[in-house]
Amino acid sequence: MRLFLTFSLFSFMIVAIVMIIREARTAGFALRYYDCRMHLSSAVVPIAFAIADMIAGCGKAYPAIVASDLTLGPMILLLCPARHEKAAMSYQYAFALFCLQLVLSLTGLFIGEALAWWKMPLSLISSQVLLLWYLIRRTLLRYENVRKLFSNLAVWHGTCDVSRFVYALALFLVMSMVMQGGLACSMTASLLTCALYAACYIRVTDDTGLLVGKDVEVCIRDAIKGRLYERAGATPDDDRRMMRMFERIKAIMDKDKPYRDELFSLTDFASMLLTNKVYLSRTINMMAGCNFRNFVNWYRIEDAKTIIRNHPEMKLADIMVECGYRNHQTFEAAFLRQCGENPKDFQERARIENLRPRNG
């Protein structure tokens, strides 16, 4: 029994530490202060309550109670607000959850032996009700403003909402396993809780649903930047076909560099891809989030930056022609808009950087 308690607490602690270190290295805790506090609470609160309940049990080991306390970790993470949600309600529900568990644990200190009979089911049921009501409230608030449901961001927000419901359902299933009692069920539930905690932590800190592939998430985000709209009769196959078309577009732009021709046009590009220019234009708008002209300019400027880094002594007029620009004013304006500095300053900085290793 003691081995189970040690293993459960140690496993959860290791997972929590790894997740916190991961967030500190990737995000540097650059989120809102209250979000960071909730993330840390999701690691500290379950372990603290598990230890307190072990003490309240008069030294006896109650596997189901420890397993139920560990479920507070993913529970708190599911209460964390998404980036498009107001945070006040999340903090209120998290504080209510903490107060509820604290009252149950303090009451258990005076009851002692009877703790195992009522604390675990009451804790799980009350937590489930609290989380369920939180999810309902969030759903009602989402559908309160109909206009928001038809914005570009509605697709990604819907993905985030679905992922939260899926993980909440997984947590409810783990809690049901805990309520079955027994060492085997408690051990399995603790392991599943650790895995669920890691998934929920990554979901919150990385703003990802973890339900679809990374390429699909990137496609959704890119589409949000462009003109996202419903197409009559659109199917998932249409979206996949458009994604494959965009991969071909990027491959040709990277390999053949057709944008270096100053007369390069949408019609020319459509002929190269054996498609029509309407579908090509729509694909670029949806996938890249910009029109064809801006898409080509982006490649031209990136090409110009590469040439300048590799050949800082080369004249800007020659670089401009090499990348497909007709006049210096257009080239300089596009460079400044994309890089935040004019090409002359960028070239001077590249020259200095190229000289440093020689002087070293």
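Begin by selecting Glu247 and Lys250, whose side chains form a salt bridge with the closest N and O atoms 3.5 Å apart; the term here denotes a side-chain nitrogen of Lys or Arg within 4 Å of a carboxyl oxygen of Asp or Glu. The model on screen is predicted, so local features are taken at pLDDT of at least 70 and side-chain atom pairs count only at pLDDT 80 or more, while totals for chains, interfaces and linings use all residues. Residues are numbered from 1 along each chain as its sequence is written, and side-chain values use heavy atoms, with hydrogens and water left out.

Glu247 and Lys250 both belong to helix H10, three residues apart, or about one turn of the helix; helices are DSSP runs of H or I with at least four residues, numbered from the N terminus. An α-helix has 3.6 residues a turn, so residues three or four places apart point the same way. Glu247 counts as partly exposed because its relative accessibility is 48%, and Lys250 is also classed as partly exposed, at 27%. For these classes, buried means under 20% relative accessible area, exposed over 50%, and partly exposed in between, with a 1.4 Å probe and protein chains only.

Stay on H10, which covers residues 236-255, and select Arg240 within this helix. Arg240 is partly exposed, its relative accessible area being 43%, and its C-alpha lies 9.4 Å from that of Val216, a residue 24 positions away in sequence.

Next, move to the loop between H10 and H11, where Lys257 is found. Lys257 is not a glycine, yet its phi is positive, about 50 degrees, and with a relative accessible area of 29% the residue is partly exposed.

Which residue does the side chain of Arg260 meet in a salt bridge? Selecting both partners shows Glu322, at 3.0 Å from N to O. This pair links distant parts of the chain, with Glu322 in helix H14 (residues 316-323) and Arg260 in the loop between H10 and helix H11 (266-273), 62 residues apart. Both ends are partly exposed, Glu322 with a relative accessible area of 35% and Arg260 with 28%.

For the aromatic residues, select Phe264 and Phe292, which form a tilted pair with 5.7 Å between the centres and 50 degrees between the planes. Rings of Phe, Tyr and Trp (its six-membered ring) pair if their centres lie within 6.5 Å, and planes under 30 degrees apart count as stacked, over 60 as edge-to-face and the rest as tilted. Phe264 sits in the loop between H10 and H11 and Phe292 in helix H13 (residues 292-310), so the pair ties together parts that are 28 residues apart in sequence. Phe264 and Phe292 are both buried. The structure holds 14 aromatic pairs, and a further selection of Phe246, Tyr259, Phe295, Trp298 and Tyr299 brings up one aromatic cluster.

From there, select Arg300, which lies over the face of Tyr325 at 5.5 Å from the ring centre; a charge sits over a ring if NZ of Lys or CZ of Arg is within 6 Å of the ring centre and within 35 degrees of the ring normal.

Now select helix H15, residues 328-339, whose 12 residues reach 16 Å from the first C-alpha to the last, close to the 16 Å expected at 1.5 Å a residue; the expected span is 1.5 Å times one less than the number of residues. Phe331, Ala334 and Phe335 are buried in H15. Seen down the axis of H15, the buried residues fall within an arc of 100 degrees, so they line one face of the helix, the arc being that of the directions from the helix axis to the C-beta atoms. Gln329 and Arg337, on the other side of H15, are exposed. The residue that follows H15 is Gly340, with a positive phi near 80 degrees.

Finish with Arg349 and Glu341, a salt bridge in which the closest N and O atoms are 2.3 Å apart. Arg349 is partly exposed at 37% relative accessibility, whereas Glu341 is buried, with a relative accessible area of 19%.

Notes:
Helices (H or I, at least four residues) and strands (E, at least two) are DSSP runs, numbered from the N terminus.
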